[in-house]
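Hello,

Please find the structure below. My notes on it follow.

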Amino acid sequence: MSASPVLETPSDHALAAAYRAGDERAAAELVRRHAPAVGRFLYSSGAGRDEIEDLVQEALFRAFRRLDGWRGEASFRSWLFVIASNVLRDEYRRRKGRRMLSLEDRDLPDRADPHADLAAREAEERLRRGLATLPRLQREVFLLRTQQGSDYREIAAALGTTPGAARVHYHHAVKRLKELVR
Amino acid sequence: MNRCTRLSERMPEVARHRATWAPDEAAHLAECADCRGEWELTLLARRLEAHAPTITEPSKLVTTLHQRLAEDRMARQRARRAWSFAGAAAVAAAILVAVTFDRPAEPTPATRPIAGAEALVPLPELEGLGAAQLDTLLRSIDRPSTGSSGLDASTLGEHEDGELEQLLATWEG
């Protein structure tokens with residue numbers, strides 16, 4: 001009895017190489033894989049809910065336009081996050097410094113303990129606002145570490161810094177956010 | 001690496017349910033306010049991510065992305081062609097300028113009549129002349145040229161061929 005062939009999921013490297021060789025389906029797969037995470041990253045960084053799709057679109061456009069810039073030291077997703085962060089900064093500048101953060105009008109919770117849920121959502125919103133006030137490197141290191149689970153070497157490669165510096169940025173971010181979220 | 005640092009290193013993994021706290025780590029978390037604060041922040045960041053709006057239609061994103069990238073490729077090709085053309089034009093202009101200014105000066109024909117402006121150029125043989133001689137020379141230059149030929153140019157058509165031949169012969173010596 002012969003073993004059935006195992007269909008391996010192509011790596012981001014393989015997909016990027018396929019796209020460079022002209023395979024547009026590879027780009028579609030990379031978008032499907034990473035666009036939602038980029039959206040969540042942008043939202044956590046302070047982007048308004050209704051602006052996320054446009055910002056993700058712009059980040060993906062910039063990324064695929066210069067895909068050769070991704071050399072694989074950091075993961076494709078981390079690299080995308082840095083580009084998304086640049087898009088957010090540019091949008092912020094375009095608005096001449098007006099913050100993008102919008103007040104969230106989420107539906108009231110319908111769970112067993114609506115008060116606890118509301119308090120949790122308020123804490124999330126405080127964190128989001130706090131993140132938006134952090135220096136860019138601190139914010140990016142914190143989000144890459146807590147939301148993506150990246151280690152300091154990976155973060156350093158994505159942000160063009162050293163693992164030691166990334167660790168310091170993380171601890172500064174934690175210290176500041178503890179004060180802001182309290 | 002102290003215990004707080006070790007816990008900090010493991011927080012993302014535990015928050016993503018890829019690991020769990022060992023009993024001694026859990027005990028440390030319970031008693032260390034700094035570590036507990038960082039852990040709560042990590043969990044809060046995870047919840048924030050979980051509640052973030054999702055991209056509803058990735059396929060729409062892909063379609064728009066392909067369109068934008070195709071337009072961008074075309075725009076870049078057009079720009080490259082324009083730059084090539086501009087470069088070629090600049091090279092052609094540079095060659096033209098080089099050829100024009102490097103050409104050796106044409107020798108002045110000896111028979112060329114001296115124009116009014118050129119007649120003002122100081123000549124070395126004038127240096128030795130006195131004021132009276134120079135006045136005489138100036139008067140001879142200022143005298144109307146038609147007067148010297150004894151023939152008005154406007155009346156050339158009224159003369160016979162023979163007369164004109166004779167006139168030309170006197171001019172040419």
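At what angle do α2(A) and α3(A) pack, and how far apart are their axes? The angle is about 130°, and the axes are 9 Å apart. Axes here are lines fitted to C-alpha atoms, for helices over the stretch in contact, and angles run from 0 to 180 degrees between N-to-C directions. α2(A) is therefore oblique to α3(A) (angles under 35 degrees count as roughly parallel, over 145 as roughly antiparallel, 65 to 115 as roughly perpendicular and the rest as oblique).

This is a predicted model: local features need pLDDT of at least 70, side-chain atom pairs count only at pLDDT 80 or more, and totals for chains, interfaces and linings use all residues. Residues are numbered from 1 along each chain as its sequence is written, while chains are lettered from A and ligands numbered from 1 in the order in which they are written.

Where α2(A) meets α3(A), the residues include Val31(A) and Leu42(A) from α2(A) and Leu55(A) and Phe64(A) from α3(A). By class, this contact has 12 nonpolar, 1 polar and no charged residues (Ala, Val, Leu, Ile, Met, Phe, Trp, Tyr, Cys and Pro count as nonpolar, Asp, Glu, Lys and Arg as charged, and the others, Gly among them, as polar).

Between the chains, 33 residues of chain A and 28 residues of chain B take part in the contact (two residues are in contact if their C-beta atoms, placed from the backbone, lie within 7 Å). On the chain A side, α2(A) gives the largest share, 11 residues. That side divides into 17 nonpolar, 6 polar and 10 charged residues.

Chain B has 7 helices and 0 strands (DSSP runs, numbered from the N terminus: H or I of at least four residues for helices, E of at least two for strands).

Regards
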